[in-house]
Amino acid sequence: MASAPAAAGYASPLAQSLAEDVLDRFLRYARIDTQAAEGSSTYPSTERQLDLSRLLVSELRGLGLEDAELSEHGYVFATLPGTVDGPVVGLIAHVDTAPDVPGGQVTPVVHHAYPGGPIVLPGDAREVLDPEELPELAARVGHDIVTSDGTSLLGADDKAGVAEIMAAVAHLVRYPAPGRAPVRVAFTVDEEVGRGTDHFDLDQFGADFAYTLDGSGIGELEVETFSAYTIRVTIHGNAVHPGSAKGRLVNALKLAAELIGSLPADSLSPETTEDREGYVHPARVRGSASEVVVNFLARDHDDAKLEEHVALIRRLAEGVVADEPRARVDIEVEETYRNMRQVLDRHPDVVAAAEEAIRRSGVEPKHTIIRGGTDGARLSARGLPTPNLFTGGQDYHSVREWASVQDMAAAAATVVELVRLWSERGRASPASTA
Ligand SMILES: [Zn+2]
């Protein structure tokens, strides 16, 4: 690659050489409406996601990845053959965007060589990115900043990841030397509605381990998610016509209110916790005087603490019916996902390679924890170790979402370095990752 030093703002000469292609792809993908939908009975949840998936298949074929295909469930799979034998590196991003923010028609805007100061979004002057409130933006004077026009999200989550993988693959096709490991690419659907890997076939994918490009700030490497349960508490009251209810009616709604009211007021909730503090969160209530279902989300990075949160809900729920023999409560606990750290701890080489690739692209790696889950958490639990890498996008799920072109280029460079690095390890000890 170019031996001249990188221009200001670029993490490395490689990042600089990838920037134009990353931006070009990102702008093209961002304009395609791929919003997912909650509560859809189809898979993917919206047909429009496939508009981008189909484009990616044709672009991958155009790059020479001849086996690029759209699976029956809407996943894109493709192979970039290695120049050496060795472990197969999986690269994963999702094409869908979040359903809870306006997203349909996205008009990306590039603010070249950001001079500092507030960025007023052109489609809605009330939407302002203020560096006083956004230290990450304040630190990116001189960068090229991409935003939406203020009327929709941008969709850097996760089209930045898609564009970075595509640009890295294009680069690795053009420059096979000094070596590349075999790569399997996957672009998934419906990540934003928690169903990104529902039909993901690990055998069809065929990677030995993988990396999702679905993180945020530059250098971030995420190997820890929450472990998560959904707790469904059903409170059965005693329904009687209100006209003749004296001494007989037991109102399930009031018991549910009592249950929610008995939660700790200043701790153990999403609104009072950060970092490694877990929580229980009443997320939905449905029902009537006769029967109410309360859905709680329980989250923690520590599985023992997570069990304590479940025990607390059990105790409180049983408590509200304890003095009322005519009422009763049913509690169902369902695992949503597990902290992927337990799996990744058994594959330190997968994590170490990511750290080294970030470093080689001129960036200091930062371990961050996810207060949520990722597709990688579910894939790791199923046996495919899958840490999450940064994309350079910021303030996701908001009309003020933005991304630095220089940071996106650093993420694409990290992917290139990762594939190069695994080719070195592949040569050293084929199948070292089993
Ligand atoms: Zn995402």
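Q: How far apart are the closest N and O atoms in the salt bridge that R25 forms with E59?
A: In general, a salt bridge is a side-chain nitrogen of Lys or Arg within 4 Å of a carboxyl oxygen of Asp or Glu. Here the closest N and O atoms of R25 and E59 are 2.9 Å apart. R25 lies in helix α1 and E59 in helix α2 (residues 49-62), so this pair ties together parts that are 34 residues apart in sequence. Before we go on, this is a predicted model, in which local features need pLDDT of at least 70 and side-chain atom pairs count only at pLDDT 80 or more, while totals for chains, interfaces and linings use all residues. Residues are numbered from 1 along each chain as its sequence is written, and side-chain values use heavy atoms, with hydrogens and water left out.

Q: With which other residue does R25 form a salt bridge, at 3.1 Å between the closest N and O atoms?
A: That partner is D21. Helices (H or I, at least four residues) and strands (E, at least two) are DSSP runs, numbered from the N terminus. R25 and D21 are four residues apart in helix α1, so about one helical turn separates them.

Q: Is R25 buried or exposed?
A: The scale is relative accessible area: buried is under 20%, exposed over 50%, and partly exposed in between (1.4 Å probe, protein chains only). R25 is buried at 7%, and E59 is buried too, at 14%, whereas D21 is partly exposed at 25%.

Q: How many salt bridges does the structure hold?
A: There are 24 of them. One of these joins the side chains of E324 and R326, at 3.0 Å from N to O. E324 is buried at 17%, while R326 is partly exposed at 39%. Salt bridges with shared partners also join D21, D24, R25, R28 and E59 into one network.

Q: Which residues is A30 in contact with, leaving aside neighbours within four places in sequence?
A: Contact means heavy atoms within 4.5 Å. For A30 the list is V106, P108, L154 and K159. A30 sits in helix α1 (residues 13-30) and is buried, at 0% relative accessibility.

Q: What is the order of the strands in the open sheet of eight?
A: Strands pair if DSSP finds at least two bridges between them. The order is β1-β2-β8-β3-β9-β16-β10-β15, with mixed pairing. β1 (69-70) and β15 (366-369) are at the edges with a single partner strand each, so one side of each has no neighbour in the sheet. Inside the sheet, β10 pairs parallel with β15 over four bridges and antiparallel with β16 over two. E222 stands opposite T368 in β15, and L221 has L389 as its bridge partner in β16. Five of the five residues of β10 are buried.

Q: At what angle does helix α9 run to β10?
A: Axes are lines fitted to C-alpha atoms, for helices over the stretch in contact, and angles run from 0 to 180 degrees between N-to-C directions. Helix α9 (residues 348-360) runs at about 170 degrees to β10, lying across β9, β10, β15 and β16.

Q: Where does N339 lie?
A: N339 is in the loop between β14 (328-337) and α8 (341-344), and it is buried at 3%. Its side chain has a polar atom 3.1 Å from the backbone nitrogen of T225 and reaches the backbone oxygen of H301 at 3.1 Å.

Conventions:
A polar contact is a pair of N or O atoms within 3.5 Å; within protein, one must be able to donate a hydrogen and the other to accept it, and residues adjacent in sequence count only if both atoms are side-chain atoms.
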